[in-house]
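Here's a quick walk through some helix packing and ring geometry. Have the viewer open as you read.

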Amino acid sequence: MAPDESTALLENSQTKTKTPLPKLQLGLTLFVLFSEPISSQYIFPFINQLIRELGVTGGDDRKIGYYAGVIESLFFVTQALTVLWWSRLSDYIGRRPVLLVGLAGLSVSNLCFGLSREFWALVASRCIAGALNGNVGVMKSVVGEITDTTNMARAFALIPIVFFAGASIAYVLGFPCLPWAKNQDFGSPLFGGGLVKPHDHWPELFSGSFWVQHPYFLPSLVSASFTAFSFVVTALFLKESLPSKRRRKESQPERGPIGAPAGAPGDEDASPVPIRTLLKTYSVIIPVANYGILGLVEIGCFALVPLFYATPVEIGGLGLQPFTIGMIMTAFCVSNGLFQALFTARAIERFGERRVFRSAVLAYFPVIASFPTMSWIIQVQKEVGMAIWVLIVAQLLSWAVVEMAYAVIFVFVTRASPNKYSLGTMNGLSQTTTSIARAMGPVTFTSLFAFSKEYNLLGGNLVYVALLVLLCLLVLLSRCLPELEKDQR
């Protein structure tokens, strides 16, 4: 064999060598990330009942949704206002200090929420939780810094799994299959609260006036305790990943640009890029815009699925009971996590990031098209038959395919960072877009759903047309993502 041929083969084998995942530090990071969905979503199963019992609606149950929506959205509103600055701060002082502040804020605010007996106190506690919590963007930065281009996709593929596992646990705390929750219905598909009012269900363990006066404290305490434990784990075991901080403690040379394998040359500019410069950079805006629109379409579907399933048949929904909807959504969270674990990393390695993302977002078309299709079928059949159940399964399977796009867009956002010292700011920008979507999306799409049905706009399907318009925009933006070369993957 000629020398040049052997050299080419050697280089090719080197580009395919995969760096093993840093299991300990990655596992610790994902464990800390696990507290985010639990803390942000554990109130959803019982918030409607809490609002009713506080009496802020004056006995008008039609206003419960308004007040509950305010509480549910405030976490993401305040997070959207602050997450960029927490992420930016982490580029200067390190990842661990910001994570510790966020975990402490979540733990204290959850305790305050459970102790609150006034509406303003609930508002204040959720605002504190969102304002002090910039952890999601920072933890994505940690994942990007402890991996390289050979194993980054595998690491990021684990993040959606953690989120769905955390959401499943948060929902299980309010799962309506519990005996005392089956007959309750205050407008939430997962209403009840497995740990709510423990004095009624376990009087031998939770006796006393405190539990009577604060019937929602136990789920808040569980969430706060888990977050406090995450704080201890972070303080004791999680290593600092910010390059400028690691350089002071370690004698070995730094890695090069974000995601570069070991041995790559270092960056000449050892400081974060100004935010204005990032906002003017095309290669930065494209992945951030894709992430924002993806999050908006996602939260729209999350808001519409339980609403559509619960809406009476005569209005164009399926008329399912809360217990049934709760089982469907919990089963989806669990099965989707398994799907991501089995297929996402393999798909990325075989087809590449760009192709997987572009294909995954196309799966949203059958997800959205399923709504008017099921509505038309049930208007004909007047009951939920086999055809409806087949479409529900098909809709959720398509949705699971869509979720693969998240692992990929995390890679694109990380790779778009101009240097390794700006990674926190990059993730802060992307997290700001999705926090805005989480804050504004549910009330926007649920209101548009009601508006479409009330005035029969486009046959009651205007909300789905709006989602399709956003999806078409996402498809166009996905075509603008760069193709990562094979040796960069």
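## What sits over H13

In this predicted model, the cover over the buried residues of H13 includes H2, helix H3 (35-41), helix H6 (95-115), helix H11 (198-201) and helix H12 (209-213). And which residues are they covering? The buried ones in H13 are Phe217, Leu218, Pro219, Ser220, Ser223, Ala224, Thr227, Ser230, Val233 and Thr234.

Phe217 has a relative accessible area of 10%, so it counts as buried. Trp211 comes out at 14%, which is also under the 20% cut-off for buried.

Across the model, the count of aromatic pairs comes to 22. One of them is Trp211 with Phe217: the ring centres are 6.0 Å apart and the planes sit at 50°, so this pair is tilted.

## H2 against H8

H2 is one of the helices covering H13, and it has a contact with H8 as well. The axes of H2 (residues 23-33) and H8 (residues 135-146) come within 10 Å and cross at roughly 170°. That angle makes H2 roughly antiparallel to H8, because anything over 145 degrees counts that way.

On the H2 side, the contact uses Gln25, Leu26, Thr29, Val32 and Leu33, and they meet Val136, Met139, Val142, Val143 and Ile146 in H8. Sorted by class, that's eight nonpolar residues, two polar and no charged ones.

## H18 next to H19

For the pair H18 (residues 353-362) and H19 (residues 364-381), the axes come within 4 Å and cross at roughly 5°. Parallel or antiparallel? An angle under 35 degrees means H18 is roughly parallel to H19.

The contact itself involves Ala360, Val361 and Leu362 from H18, with Tyr364, Phe365 and Pro366 from H19. By class, it has six nonpolar residues, no polar and no charged.

Technical notes. Residues are numbered from 1 along each chain as its sequence is written. This is a predicted model: local features need pLDDT of at least 70, side-chain atom pairs count only at pLDDT 80 or more; totals for chains, interfaces and linings use all residues. Side-chain values use heavy atoms; hydrogens and water are left out. Axes are lines fitted to C-alpha atoms, for helices over the stretch in contact, and angles run from 0 to 180 degrees between N-to-C directions. Helices (H or I, at least four residues) and strands (E, at least two) are DSSP runs, numbered from the N terminus. Angles under 35 degrees count as roughly parallel, over 145 as roughly antiparallel, 65 to 115 as roughly perpendicular and the rest as oblique. Contact means heavy atoms within 4.5 Å. Ala, Val, Leu, Ile, Met, Phe, Trp, Tyr, Cys and Pro count as nonpolar, Asp, Glu, Lys and Arg as charged, and the others, Gly among them, as polar. Rings of Phe, Tyr and Trp (its six-membered ring) pair if their centres lie within 6.5 Å; planes under 30 degrees apart count as stacked, over 60 as edge-to-face and the rest as tilted. Buried means under 20% relative accessible area, exposed over 50%, partly exposed in between (1.4 Å probe, protein chains only).
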